[in-house]
Structure formats: C-alpha cells, structure tokens
Amino acid sequence: MNQSKALPSIAVVMPSLGLLGVARWLEKPISPGPALWLMTYLALAETWVDRFEIAGLLWADVPEADARNNLRQLLHRSKSLEWAKTLESNNKALRLQINSDVGQFRKAVRQADWQTALEMYNGALLEGIEAPRALETWLESERSALQDDWREALVGRIGQLEASPDANLPNLLVQLLSIDPYNEEALHGLLKYATARGQSKEALKQFELFQARLHSDLGVEPQPETLALVASLRGQAQPDTNLRFVGRYNEQAEIRAQLEAGTRLLMLRGAGGIGKTTLAKEILNTHQKMFDHTAWVTLRDAGDLDAVPLSIAAALGLSLRANQSPWEQLGNLFKERQMLLVLDNLEHLTGIAEPLVTWLEVAPKLTLLLTSRVALNVPDEWVFTLEGLDYPSTPDLEVARHASAVQLFVARAARRRGGFTLNEKTLAGVLRICQLVQGLPLGLELAAAWMGELSLEALVEGLEANSDLLEVADPTMPSAHRTLRTVFEHSWELLEDDLRHALCAISVFQGGFDRNAAVNGMNIPARALLGLIARSLLQNQSGGRYELHPLVQTFAKQKLEPEAQSSLQLQHAEYFTSLAKQAQTHIQGGSQQVRWLEAVAANHLNFLAVCDQSLNPTLALSTASVLNYYWMSRGHYLIGLQRLEQALKRAKDIENDLLLAQTHLAIGIQGNFLAVFEHSNQHLETALRYAQQAKAISIEARALNWYGANLLSQGKRETAQEKIELAIQRLEPLGDPWALGCAYNDLGRVYSDYRDIENALLYFEKSLECARICQDRHQQAIALHNISNHIDVGPKTYQLIQESMKLKLEIGHESGYAMSLHAMGSNLVAEEKHLEAIPYLLEAMRKLLHFGRFRDAAYSLIVLAEPSLRTNQNALAMIIYGAARTAYARIGAEFAPRFQWHTSKLETENRQILGDTQAEALYLKGSQMSLEEAYQFVKQNLQSNLVLQTMTE
C-alpha cells in the first residue's frame, strides 16, 4: 500500500445536517420529501444554485411555471423551520450556508486528513432513500463519488498505519476488501499484519473468501506473493511460485563475457515483445557481485530528456541539490562508484546519447546496460540484437528440455495447470506452439495463460486455425507481429464477452491508466481487470497502474467497429475532462498540489488524447483550458499552445462565452512564455471581450494582468502598469489570493524596470504572501526568485534562490529551474566569480532553449558576455552581444532598463578595446546566428572542461 505522512486532524464541529447514512437535522431523522432534496442539493453544491435549475429537478414532470410556483410554496412553508435560517436567497438563486457532514468529509479528504474523513463517513449518501426519477442519476453519481472519496481515505489511512501499525489496521483492510473485493494488495497488508502478530484466524478467513471469489468469478489462482504470505502465516514451506527467468543461455554468456572484458556501454536491441526488459533484469540480478552498486531505472514514462536524471535520482533514492545541473550531479556521483546502471526503454528519448557518453567519460567505473528498439550509434557501443527464444526443429525430448522457448512455455503452463510437464505425450504440442509463436516470449506467455482452461491439443488447434487465417489475411504484416497476432486472435476467441468488452474499452487509454479510470471512467468491473491480467493480456504496474502491451492494444482496437470506438473515445473524454476539472483547483495550490501534479503527469497522454479528439469539441476545449496551469508549471508551453489552438479551431461553432474566455486567456498565457507577444495580445483581447460578456470578473482581471505582462516585456512600461493595476482593482474585492499573487508579482516587475527597488520588493513580498496563503509552490518559487534578484548579493541571495529551486523541483517545474540556474550564474558574475558562473549560465540557456523560452535564453546568453570579457575573450563577448540583441529584436522584446544600462556600458568598453571595425564585424557574425547556433558556439569557446573543474559542489 502507498504510505503517506499523517497530518494533524482538522477541527470538526458537530454537523447540523447529516446526509451520510440516515438523513438527520440536529441528530433528528428527516423524512423524505422535497425539503430534504432541496437541502441535500444545496448542501452538496456549496454555492449559489439557480432557482430554475432547482425547480426543474424537483418537479421535472410539471410545466415550468408550476414548478417555479411549487418551489416558492416550499420555501414559504419552510420559513419557520430551523434549517431554513441558514438559507440565503435572491431573485435568481439559492444558497445553503450550513455545516453538513458531507462538507466536513470532503474538506478532510481535500486536506488528506484521512482519520477525520473516515470518522465523518457514516454510510452512503441518504442511505435507504430512493430518489425521484429526475434525481436518480444525480444521486447515484454523488453516491459513487463520495464512496470513491471514502475508498481514497481508507487507502490513505492504511498507508499511514502501515508505517506504524496499530490494532485498527486489520479492520480498515477488511473494509477496503468489502468495497474492492479483488484488491489483492489489501489482502497482502492483512496477511503481513497477521504474520507479524501471530493472528492468523481472520486473515486466513479473508484469504479463503478471496481465493473462492477468484475461482468462481475468474477461474484463476491468487498471485504468487499471496500464496507465499499464506504459507508463511500457516508455518508451511514457501511454495515455488516465482516466475524465474528461463533460457537465453547463449545471450547471457555473451553479455557476461563483455562485462568481464570491461565493455561499459551495452545495448539490448529488439522488437516489442522480444524480451529485452526481462533479460536486462536477469543480467542485473545475476551480475550484482561484479559491481559495488547496481540500479534499475525504467524510462518508458520519461516524457523528454530533462525528465531522465530526475527519474534516475528518484529510483536511486537521491535528493538532488538545487544549485547544480541534475546531469552533472549524477555524473559526479558515478565518478567514485563501481556501478552497473540499467536504463530500460529509452528509444523515444531523442538526444540521450550525448549525456550518457559524457557520464562514461567522467565516471570511469560506470557501466551502462540499455534496452531499446534502436541503437545509440555511438563509438564503443556493443549492440546485441535479440531474436525469438530457441526451440528444436525435431521432436527430441532431451534437446527440447534444454531449449529456452520450451522451458519458458512449460514453466508458465505449469502455473496454470498443476502437474503439467514436458514428456513424450506433450512434446509435439509444446514444440508446435513454440513454432507457431516463433519463440517470442510475449507470445509464449499469452499462449500459456490459457493452459488452465484448455488442453494442450485444443490450444494448438486454435492457434493453427488463427495462423492459417492470418497468413492469408495480412501477408504484409511484419513476421514477429503476425506471430503475436496469431496468439492474440486465439485468446480473443476464448475470452468471455465481458472480458472482450473490457479489453476493447481499455484499448482507448494512452500511456496506461489506474483503477479509477477503468472502473469509474469506462465502467469496467474490477474483476475484469484481474481476468485480463490472469490471461497475460494486461500488465499490472507499480503504483496501482495498468498497461497494455502496445501490440495487444493495437490488436484490441482493431476489434472495434468505428461506431463502438467513437462511443468509447467519448466516454474516455468525458472521464478525463471531469478529472481535469477536479484537478484544476489542486494544481494551483494546496496541501495536495504535488500529488495532483503527479496525477496529471501520469495521465498526461490521456489528457492530450482528449484535447486531440473531435467527437465533442466542447470536451476537448474544456480539458485543454483546464490543463493550462499544468502546462505552465511544467514548462510544456509549446504543447499547451498547440493543443489549445487546435481545440479552439475544432470548436469554432461553440457559443459558451465563459469557456471561450478561459481558452483565449490560456493561449495568451502560453504565448507569453514563448515570447510571441503580438499573438498572445490578440488572444488576451479576445479573452477580455468574452469575459465581459460572461461577466467573469476574475478571468477579465487575469487577462488584463497577462496583457500587462506582455506589454512590459515589449518595453511599454506605462501602459503595462495601467493594465496590471486595473487587474488588481478588479481582483482585490474578489479575495482571490492566487490571481492577486500573479498580479502583484507583475507589478513588482514594473517597479523593477523603473529601478524603484523598494516598491518592487514590496510587491514581490505581497506576491509571496498570497502564494503562501493558497499554498502554491509555483508562485512561491517565482516570488522568492524575484526577491533574490533585488537584494544585495550575499548568503541571503543564494538561500532564496535555493529555496526557489527546491520548490520548482518538487512540482517538476524544469523551465523555472533553468531560471534559477540563470540567477545563480548572474549572482556569481556580480561577485566576479566568472569561471564558476559559466556552467550555470550555459546549462540555463540549454534548458530554456529546450522549453522554447527564447527571450530568457537570450537573457542567459548576454550575461555570458561579462565572463567572456573578464577572461580576456573579447571577440567572443562581441559575438554574444550580436546574437543576443538580434534575438531580442526578432521576438519584439526589450532588456529591462536596469540591465540595459550595465550591458551597454560593458559593450562600449569592449568596442574600445577591439576597435570599431573588428567589433562591428564580430557583432555582425553574432547577429547572423540563431540562439541554438550561438549556444553551441559559446559552449565550444568558453573552455568548458577547465570551467567545470572549478565549479563549486
């Protein structure tokens, strides 16, 4: 189970209105009727609700005028009742200002106060009461959502108690099993608790119930780990249930020979399903004694190159410092370690060869074992291309016993059918299966999964029938894929209808999914997930996530008719749109900000799929506009801008002013970071127009603020100040600390441009205060960064920068981390520590270019001119001036006045040293470079090797 740190319980006041379990007011039961439904609907809404909406729900079967009249009569009759004193109303809407158990429960869940949440949950919403027809769907949805929250609270509280077990843990685990009967992880927790305390009776009873459920519902056995825990609890010998590695003897021998010979860069290359990952794990396990340290890191979910060092650091349990490049920190760590590092699934990471080769250069004791579908194609790379496992072509029993493909199939089949062995009777069938799947490990696993339900002869017959069909139907398919398709087709024919539906439904997921997405999003029963895992069609990953092998996903999608696929895609979109809206508040701040950012990151590919679909343009637009802050905090500016504009184009006929205002604002924000200011301004003007039409004051104010931020970057300071101050006037009455914090920060930047440092610091401090109120780490990091830039250089400056960097690393804000690297370099330049400054500025520029922040990359570039001058590289400095100033002009940006004065002074001094003719020629050379070309040129000419040696730890 996932562990989470226990938080102090929130203050709980006895609720006046009880809706969980038996409905009650001041602990007295409430009878069903319109008054109860009115109270419930308003209490759950926790905001103003339109009278028309309420009347339409409570009296759906009567004319509108009669429904409104019924509502007025209900309110009149209720005036004398106690609960009505908490009812607020106006001509258009109603609101209930009441203390309810649902409200307290939800608050506890939001704050991860699991103990309080469990105490508040007394049962299902309005337990035992049936809703009127018009409210049935709403009530069922609310009941389901609250039960999901209860399940989350159970899991969270279990995680807290597992770290420090107490007597209440078994009861919570049993409760979890009661609502999630296939949760084998919960059963593991119960068995481990019982084993540690010698309390076997209840745990074994739960195991027997669980085993019976699996047998009756799915016809499968519990996981090997479960059986091992039961054996330990019963005091029996441990069963041999491990899925041990089988075969690949020749491959292992060759790899061992290379390791012993000192080869330090080994690549296992091969097609999907060939067994690269499994072999790499076996090499790691069997060669640990050759190394002082070993580590396994999967990079399948690493979105880009910058995510790689953070993924490796997380796998190694390292906490990276905030004042140095993550790649360099890991390289320095590896210098003194004799280490085998396995990096799995890296074919999608463009450009990874260079940093890996650099590691091998700086860390002579490091050995890298990689898996990929493509080689790196660098010097000293040893590439081993994997093919299918070996099997004999003739029916020789002794030869077959030593063949890898035969061993794998027999080992996996034995788990499905006890007592299955290789002998004279089974030899021909086993060899035929190996031949049909061409020794591919994934094909053997899929075939063996059916041995619990089919005879060997029936399995062979089915595979042969499908093989004949495919040979005719698709002769152009690659050989390995045709083989796996054969096995899949046979598995498909044997699946029950509900498992077929489940497999097709989950084929629409992108990049994996979790239990909630499957069960609540796609209506897939938990038992169906377990059934697909048992048949090796679905993989159970760590962290409660599931994945389909890409080929299985492709085959499953091909089983869908276009209409069915459209329906499933729409269902998928509706779920993730709802999840995006749920995440929106949390990713902008709060105690669960990091958790929700990670949740969005885990499902990012699913969210992008929603943004890209055209079945329901409104859903696509809603999701894209909600993800705006996630993209901003993670530096995915270009992804955000593209998805928003594409979704807006597809939704050209939409008439929702509020949604259009949100979308145009989001495009304007992404455009600001990408320094496309005129494009950004056009969308912000449109956002203002739609916000005014929708009377959305907060969105109008935010659009004004970002418009002002654009104008400031364009050097239009007076107009920028007017826009930002007007935004603040709109926001202050609303009491929105998040939006106010952004506006205060930008007003501080205005005063900074005026060189009014006192007022700049005043507003940066105000921004920091707002960010702390709403617990937004992103805004806190920006405020700390800006404060550090406006105080005298010293220990306090570096402390603030490092605090900012730490917050940025917590939320995965890599482009913001780059700006902190820039700040470190700039301050070192101010202290005349030029050699120490150069690596920070170069790394900052590299990252900023990667994220498309060209204005800020040009900023880092021009700061590098001063170290060039101070190390007597005057010609290089003049080239830098040409490249940086031209880059600023191209994007329509200006230097801040306080920075412009210092830079112009240094440039003038340099021109005097070089002479006008030479200086102008060098300046022209720089002006003809792109920022990327300038970065490479400067990097090569700043004597990087010497500089890196002087960099402080």
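Q: Two strands count as paired once DSSP finds at least two bridges between them; what makes strand β5 (residues 87-89) and β6 a pair in this predicted model?
A: β5 and β6 share three bridges and run in the antiparallel sense. The cut-off is at least two, so they pair. Glu88 stands opposite Arg95 in β6, and a hairpin of three residues joins β5 to β6.

Q: How do you know that strand β4 (residues 49-50) pairs with β6 (residues 93-96)?
A: Two bridges join these antiparallel strands, and at least two are needed, so β4 and β6 pair as well. Here Val49 stands opposite Leu94 in β6.

Q: Why is the aromatic pair of Phe513 and Tyr546 called stacked?
A: Their centres lie 5.5 Å apart, with 25° between the planes. Phe513 lies in strand β12 and Tyr546 in strand β14, so the pair ties together parts that are 33 residues apart in sequence.

Q: Why does Tyr575 count as buried?
A: Tyr575 has 17% relative accessibility, and buried means under 20%, so Tyr575 qualifies. Phe576, at 1%, is buried too.

Q: How do you know that Lys723 lies over the face of Tyr707?
A: Lys723 is 4.9 Å from the ring centre, which meets the distance limit of within 6 Å.

Terms used: Residues are numbered from 1 along each chain as its sequence is written. This is a predicted model: local features need pLDDT of at least 70, side-chain atom pairs count only at pLDDT 80 or more; totals for chains, interfaces and linings use all residues. Side-chain values use heavy atoms; hydrogens and water are left out. Helices (H or I, at least four residues) and strands (E, at least two) are DSSP runs, numbered from the N terminus. Rings of Phe, Tyr and Trp (its six-membered ring) pair if their centres lie within 6.5 Å; planes under 30 degrees apart count as stacked, over 60 as edge-to-face and the rest as tilted. Buried means under 20% relative accessible area, exposed over 50%, partly exposed in between (1.4 Å probe, protein chains only). A charge sits over a ring if NZ of Lys or CZ of Arg is within 6 Å of the ring centre and within 35 degrees of the ring normal.
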